[in-house]
Every structure is written in structure tokens, then in C-alpha cells.
Amino acid sequence: MKSQFYPYPYRTRIHYAKENASLILSHALKEKINEQSVIICVGTDRCIGDALGPLVGTLLKNKNFRFPVYGTLEEPIHAVNLEESISQIKAKHPSGFFIAIDACLGNEDLIGHIHIKKGPISPGKGVGKNLPRIGDLSIVGIVDQFNHEDCFSIHNIRLNLIMKMAEVIVDALRTSTYLC
């Protein structure tokens, strides 16, 4: 797969395997992260394809990330508790700059790409759920292709892909906080 980087503000996408992927992401993030940043990692540990967010959250917490992190493998933020979690996080951080991280479905040629965009994520959209949107900035990892006939295809994703993407996102977030 060809690695791509779009230097326009809030429109960044790269492939997880590119050697300098986390550096490219960190440069895209460095001007957006500020002292009010709050990381919200959405997903569940009960489905490998949807575990990207909680895995990122756990890795950030284990590395003592300097900003608040919500949504880990131990305490995931998912469809069942999303609305309540968002309310609690916003109450605790009323002037927070929310960076939402989630897995998503996309075109087959984009599997493994990580996208950064201004605006919220729409959790569950790829599997037909209508859940509250969250985030001032979104980081999404495309983990599988969108399939109208089989909304459960996300269950066939390899953990290796999710782990490598999570490591890139974590390295990018950590590096970007040191660059700003």
C-alpha cells in the first residue's frame, strides 16, 4: 500500500506501516494539542476490530501520558456507556479540547490508514448504530472495509494490524506533546 500524507490542516492520512508514520502524525497534531486536551478512546475489547481506541487508551495510560485519557481495555467507552461517559467527561473538563480516537470501516485500499480530521467521530456509524458524536479533533484507524451485506466482518480483523496502528497513534500523540 502506498503511504499518503495530505499536509492540509486537519486532513492527514498515512499508512501505519510507513517508517515515519508516527512522526508525520505528530507534526499534524502538534499545533492542535494544547493544555486543555483530553483523549477519549472509543471502542470495546470484546471485538478485535473495535479495540483500537481502548488499546490506544491503555498504552497511553501505561506510558503516563500527560493529558487525561478516557477509554481503556479495563474501562472501555462503548455503545452501552457512551452517552453517560461523554457527559461525565465534559462535566469534569468543561473547557476541554477533546481528541476522539476510534476504529472505522472504509474502502479496501485504505485499510491500515490513520486519518486525522477536525470535528467529531460518529461511533458505530459503520455498523448502523446512531450514537452521540464526540471530539473536536478525530483520529480514526481504518481497520476493515465497509460491507453492506456483513456488518460483522469487523470480527475477522487481525490483532497485529490493530496493535501496529495503536502504537503509531500512541507514539504520535506522545511526540506531538513534546513538540508543542
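Reader: Let's start with helix H2. Which of its residues are buried?

Author: Keep in mind that this is a predicted model. In H2, the buried residues are Leu52, Gly53, Pro54, Leu55, Val56, Gly57, Thr58, Leu59 and Leu60. That makes 9 of the 11 residues in the helix, which spans 52–62, so H2 is largely enclosed by the rest of the structure.

Reader: Where does asparagine 64 sit, and is asparagine 64 buried or exposed?

Author: Asparagine 64 belongs to the loop between H2 and S3. Its relative accessible area is 68%, and a residue over 50% counts as exposed, so asparagine 64 is exposed.

Reader: Now H3. Which residues of H3 are buried?

Author: Leu82, Ser85, Ile86 and Ile89 are the buried ones in H3. Look down the helix axis and these buried residues fall within an arc of 100°, so they line one face of H3. Over on the other side of H3, Glu83, Glu84 and Ala91 are exposed.

Reader: What covers the buried residues of H3?

Author: The cover includes three strands: S2 (37–41), S3 and S4 (97–106).

Reader: How do I go about reading a pocket?

Author: Rolling a probe the size of a water molecule over the atoms shows where empty space is left. Take the second largest pocket here, with a volume of about 270 Å³. Strand S3 (69–70) and helix H3 (82–92) are the elements that give two or more residues to its lining. H3 provides the largest share of that lining, 4 residues.

Reader: How many residues line the second largest pocket, and which lie nearest its centre?

Author: The second largest pocket has 13 lining residues, and nearest its centre are Tyr70, Gly71, Glu75, Ile77 and Ser85. By type, the lining splits into 4 nonpolar, 5 polar and 4 charged residues. Notice Ser85 in particular: besides lying among those nearest the pocket centre, Ser85 is one of the buried residues of H3.

Reader: Can you show me how to read single residues too? Where is threonine 177, for instance?

Author: Ask where a residue is, how much of it is covered, and what it touches. Threonine 177 is in helix H4, residues 159–179. Threonine 177 has 3% relative accessibility, so it counts as buried. Leaving aside neighbours within four places in sequence, its contacts are Ile33, Phe65, Arg66 and Phe67.

Reader: And valine 140: what is valine 140 in contact with?

Author: Valine 140 is in strand S6, residues 137–145. With neighbours within four places in sequence left aside, valine 140 is in contact with Asp102, Cys104, His113, Ile114, His115 and Ile121. Take histidine 113 from that list: valine 140 and histidine 113 are 27 residues apart in sequence, and their C-alpha atoms are 8.4 Å apart in space. Valine 140 is buried too, with a relative accessible area of 14%.

Reader: How do I step back and read the whole chain?

Author: Start with the secondary structure, which comes to 4 helices and 6 strands. Along the sequence they follow the pattern β-α-β-α-β-α-β-β-β-α. Of the 180 residues in the chain, 51% are buried. As for contacts with a separation of 6 or more, 70% are between residues 24 or more positions apart.

Reader: Last one: where does pLDDT stay under 50?

Author: Over residues 1–11, for which the model has 23 contacts beyond four places in sequence. Where pLDDT is low, the predicted coordinates should not be read in detail. For the chain, the mean pLDDT is 83, with 83% of residues reaching 70 or more.

Conventions
Residues numbered from 1 in each chain as written. Predicted model: local features only at pLDDT ≥ 70, side-chain atom pairs only at ≥ 80, totals over all residues. Heavy atoms only, no water. 1 Å grid on protein atoms, 1.4 Å probe; cavity = no way out; pocket = protein on both sides within 12 Å on 5 of 7 lines; lining within 4 Å. Points joined across faces, edges and corners; volume = space filled by probe spheres on them. Nonpolar A, V, L, I, M, F, W, Y, C, P; charged D, E, K, R; others polar. Buried < 20%, exposed > 50% of the residue type's maximum accessible area, 1.4 Å probe, protein only. Arc of directions from axis to C-beta. Contact = heavy atoms within 4.5 Å. pLDDT = per-residue confidence, 0-100.
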